[in-house]
Amino acid sequence: MYKKSSAYILIIPLIIAFCILIGWPLINVVKNSFYEATFLNPAQKTFTGWRNYTWLFTFKYPTPNISYFVAAFSRSLFWVACSVLIKVIIGLLAAVLLNSEYLYGKKIYRSLLIIPWAIPWAMAAMMWAWTLNGQFGIINSILLNLHIIEQPVSFLSTNASAFITTFIVDAWVGLPFMVIMLISGLQSIPDSLYEAADLDGAGDIRKFFRITIPMIKPVLLTVSLLSMVWTFNSFDIIWVLTQGGPARATETLPIAIYNTSFRMIRLGGIGKASAMTIMQVMVVTIISVFYIKTMQESEPK
Amino acid sequence: MKRNTKTTTKKILFQILALLFIGFMLLPIYQMIITSLRPAELPWESPAPLYPDKVTFKNFTDAFHLVPRLPRYLLNSFIYGFGVSLLSLIVAIPSGYALARFRFLLKRPLMILVIYANMFAPIMLLVPIFTIMKTFGITNTYMSVILAGSIFTIPLSTWLTISYMQTIPVEIEEAGFIDGCTQYNVIGKVVLPLMKPALVSIFIYSFITGWSQQFILALVLINDDKLMPIAQGLYQFFSRSSVRWNELMAAILLSTLVPIALFLLVQNYIVKGLTTGSIK
């Protein structure tokens, strides 16, 4: 029969993996956040105490009004909020649409929808860069042909449009997962609820708000939290599309961490980047706590 | 009668909305396909054509001239992806089994740790991964990217193994025990054969996830051109001042075919695995 001793033996690889692959880097980043070093030779470091943490709030760069970290951090939060909002709203509507009895070819749509999921993010971003190209991109073509715009638009060259474009592309990357998860959530709602509502003569909109939304809320909450974390950690899309530009308009926290550690040799450094990383990890940890809580609550007892 | 016309309009409306949505989702892929089929000599004009005005397959061979190391990059990506998936399964199979089947002291904290670790993305550990690997002098090796990549696929592979295990009835294993098998015999002779299709899909899923995360990890761990994964290799040609879009799109098309095909193959398993399973 199942012996507890074999459980402890079987679990050893996981414990080793956690200690070496996650525990060690985490301890390392905490330690490094109290030191100063450059990426050229991280082993050569000097102890600085809490200075890297005060640096987060006192290093006003490039403008004297707001610190580099606070700017990147708040930009990140706004960017994540926009992207996740699109994912949730469009995702829910698309899930209802692709699960609707009125739609033909649901299977085909779903298989097509899954394709972007399998494309590596950096590759997807390169495809999007060309799709959004300021002269010959197909988006400009479509908009010009429909006479929505008169002149081609350079989506990635002004601050506001680059910000909007990057979070839309990020939403594009996250939507397949969102929609597929929500569809499986929708399919678990018993038909009898809708049939009962039909008998009462409820309309589609009423059914959506009174049955679909309350029934799908647990699934919606978990995928939203998951998607928040993924979006907060999003690096490749912005890096390939704008590298954080123009004029730092899309420099979210992940981009700032990369820049601080590997690009700003004199102003940044491994220590300061480590302090920023701690902030990144803390935000993810806070969302994870909520995520684990909702998972436990939605569990069948 | 009135109700019928209402249903018909709804059907048409939904069809249009679904087409628009899928159109948006596939737009960059469409753009990639028509660009890779368009002769590179043909000058671009604005507005660019919405469909291929002339078709050629020359770009696919020219891609290998533009990116001479294309096969090498692809091979590297496979090596990284394969290494990451293999490492993930080695950890995930025994521990997923233990977490699904046993009740023991560490079970609950470990389950929560698996879920928490699943939230981690490369950027969160990029700086420490780099400093550790640099201190040990193992940047610019296959090993560095495989080890770093597996950090982010082990938790998910373990989670998926747990949720598949929970769908296999315990009675099958109990029959094995009654026949006098030991715990490890049961795993080898009963559980693993039953899990085979699930293991294939977990392998492929970590392969694809690993494939996607190679870019950022290689950005800091690899600067030797011979060891670059495909995304990083192609990125060099993307970030140049004048991009050869036709050949580049052909190269991207060639190199995304494999992950897409693999993913379509296992999609049902993955969706099922991600939507079932519980902490207890």
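This is a predicted model: local features need pLDDT of at least 70, side-chain atom pairs count only at pLDDT 80 or more; totals for chains, interfaces and linings use all residues.
Chain B has eleven helices and zero strands, where helices (H or I, at least four residues) and strands (E, at least two) are DSSP runs, numbered from the N terminus. Read along the sequence, then, chain B runs α-α-α-α-α-α-α-α-α-α-α. Residues are numbered from 1 along each chain as its sequence is written, and chains are lettered from A and ligands numbered from 1 in the order in which they are written.

Staying with chain B, its C-alpha atoms fill a box of roughly 75 × 75 × 30 Å along the principal axes. Of its 280 residues, 47% are buried, meaning that 20 or more other C-beta atoms, placed from the backbone, lie within 10 Å of the residue's own.

Turning to chain A, we find 13 helices and two strands, and for its C-alpha atoms a box of roughly 75 × 75 × 30 Å, again taken along the principal axes. Buried residues make up 46% of the 301 residues in chain A.

Now, how many residues of chain A are in contact with chain B? The model gives 86 residues of chain A in contact with 83 residues of chain B, a contact being two residues whose C-beta atoms, placed from the backbone, lie within 7 Å. By class, the side of chain A that touches chain B has 64 nonpolar, 18 polar and four charged residues, with Ala, Val, Leu, Ile, Met, Phe, Trp, Tyr, Cys and Pro counted as nonpolar, Asp, Glu, Lys and Arg as charged, and the others, Gly among them, as polar.

Conventions. A residue is buried if 20 or more other C-beta atoms lie within 10 Å of its own, exposed if 12 or fewer, and partly exposed in between; C-beta atoms are placed from the backbone.
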